[in-house]
Amino acid sequence: MQGETNVDFTPLLTTVDWNDEWKKLQQFRHHRDDASFWDKRSATFTTKDAPNPYVERFLELACLMPGETVFDMGCGTGALAIPLAERGHKVVAADFSQGMLDRLREEMESHQVSSVFPKLMSWDEPWEPHGVREGMVDVCFASRSIAVDDMRDALLRLDRVARRRVCVTLSTGDSPRSDAKILRDVGITESGCSDCWYAVNILVQAGIMPEVSYIKSIRKDTFDSHQEAYETFVRMVDAPRPGVTEDMREEARGRLHDWLRLHTVPNPEAGKPDKKGVPQGAFCLDEPRVLTWAFIAWNK
């Protein structure tokens, strides 16, 4: 009868512990890359592509005020920190990879900026011994860098360090290492475990009402051979996913060969440096991949 209350209904959004589910998801996924992995990768990173559309859109959405100080956690080689310094901001830039920070210092010298202060520091260790304390800066950033077992702790750490605003970006499902469209084409359907929605729900349960926008990033993958292309994308197929069995992965590997034969073409810019200065391979996909990042921000 209309108007009667269904006492058996329990809204799951209010009862699920999203951070606990996040922790369980991290146990299911592969282990995170350690600092040595990023030390090696740092040789291919540069701020030659900064400012770029992603960086410009991030800074536009960040709504920084003139002269505000910034803490950039997971700064890499300074894709955000360098342009921020050039715009007159002081930036404490932290990363757990010494290789990344070495490249950051090279970029600081190249761009002739002195208002970036690098710190070798991880998400998991105490920040206070490194001088990163409560209310230290006006605004905190974490751009595509939150890879943690405890999402709530990471987000609230940033909240404590910031005096005015926090801005982070997280995957909506697609990332450099995962592509929902390619996976669907080879027979694997994503489970919807997008990092960004965990972050939003965790923040709401912590009493924070975040704003959400989106940043699209174009990625051109190139390869020296069809086998290299296969080895690049089969990692997506092999990654652990809830509900995906080994038999499903085996069928997807076979479909991936067929998919690449259809979608891999000669690269007209083979040998030319890409936006990071690395020579491009002989082959590329017939269409660049489009990655969509969720920009999640809140004011204190």
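Visitor: What makes α8 stand out in the lining of the second largest pocket?

Guide: With 4 residues, α8 gives the most to that lining. The model is a predicted one. Elements giving two or more residues to the lining are α8 (180-185), α11 (246-263) and β10. The pocket has a volume of about 300 Å³, and of its 14 lining residues the closest to the centre are Asp179, Lys181, Glu287, Pro288 and Arg289.

Visitor: How do you know what counts as lining, and what is the lining's make-up of nonpolar, polar and charged residues?

Guide: A lining residue has an atom within 4 Å of a pocket point. The residues that pass divide into 6 nonpolar, 1 polar and 7 charged.

Visitor: Why are β6 and β10 said to pair, and in which sense?

Guide: Pairing takes at least two bridges. Strand β10 (residues 289-299) and β6 share 9 bridges, so they pair, in the antiparallel sense.

Visitor: Why is β6 called an edge strand?

Guide: β6 (211-219) pairs on one side only, as does β3 (116-120), the other edge strand. The sheet is open, with 7 strands in the order β3-β2-β1-β4-β5-β10-β6 and mixed pairing. From one strand to the next, the twist averages 20°. Helix α6 (residues 98-111) packs on this sheet, touching β2 (91-95) and β3, and the directions of α6 and β3 make about 165°.

Visitor: What makes β7 and β9 a pair?

Guide: The cut-off is at least two bridges, and 2 bridges join β7 to strand β9 (residues 283-285), so the pair qualifies; the two run antiparallel. Thr222 stands opposite Cys284 in β9. These strands belong to an open antiparallel sheet of 3 strands, in the order β7-β9-β8. Its edge strands are β7 (222-223) and β8 (264-266). On this sheet packs α11, which touches β8 and β9 and makes about 35° with the direction of β8.

Visitor: How do you know which residues make the contact of α10 with α11?

Guide: Contact means heavy atoms within 4.5 Å. Among the residues that make it are Tyr230 and Phe233 of α10, and Leu256 and His257 of α11. The contact residues divide into 8 nonpolar, 1 polar and 3 charged. The axes of α10 (residues 226-238) and α11 come within 10 Å and cross at roughly 145°, and the crossing is right-handed.

Notes: Residues are numbered from 1 along each chain as its sequence is written. This is a predicted model: local features need pLDDT of at least 70, side-chain atom pairs count only at pLDDT 80 or more; totals for chains, interfaces and linings use all residues. Side-chain values use heavy atoms; hydrogens and water are left out. Axes are lines fitted to C-alpha atoms, for helices over the stretch in contact, and angles run from 0 to 180 degrees between N-to-C directions. On a 1 Å grid over the protein atoms alone, a cavity is a set of points where a 1.4 Å probe fits but cannot get out, and a pocket is an open set with protein on both sides within 12 Å along at least five of seven lines; lining residues have an atom within 4 Å of a point. Grid points are joined across faces, edges and corners, and a volume is the space filled by probe spheres set on the points. Ala, Val, Leu, Ile, Met, Phe, Trp, Tyr, Cys and Pro count as nonpolar, Asp, Glu, Lys and Arg as charged, and the others, Gly among them, as polar. A crossing is left-handed if the near helix is turned anticlockwise from the far one by less than a right angle, and right-handed if clockwise.
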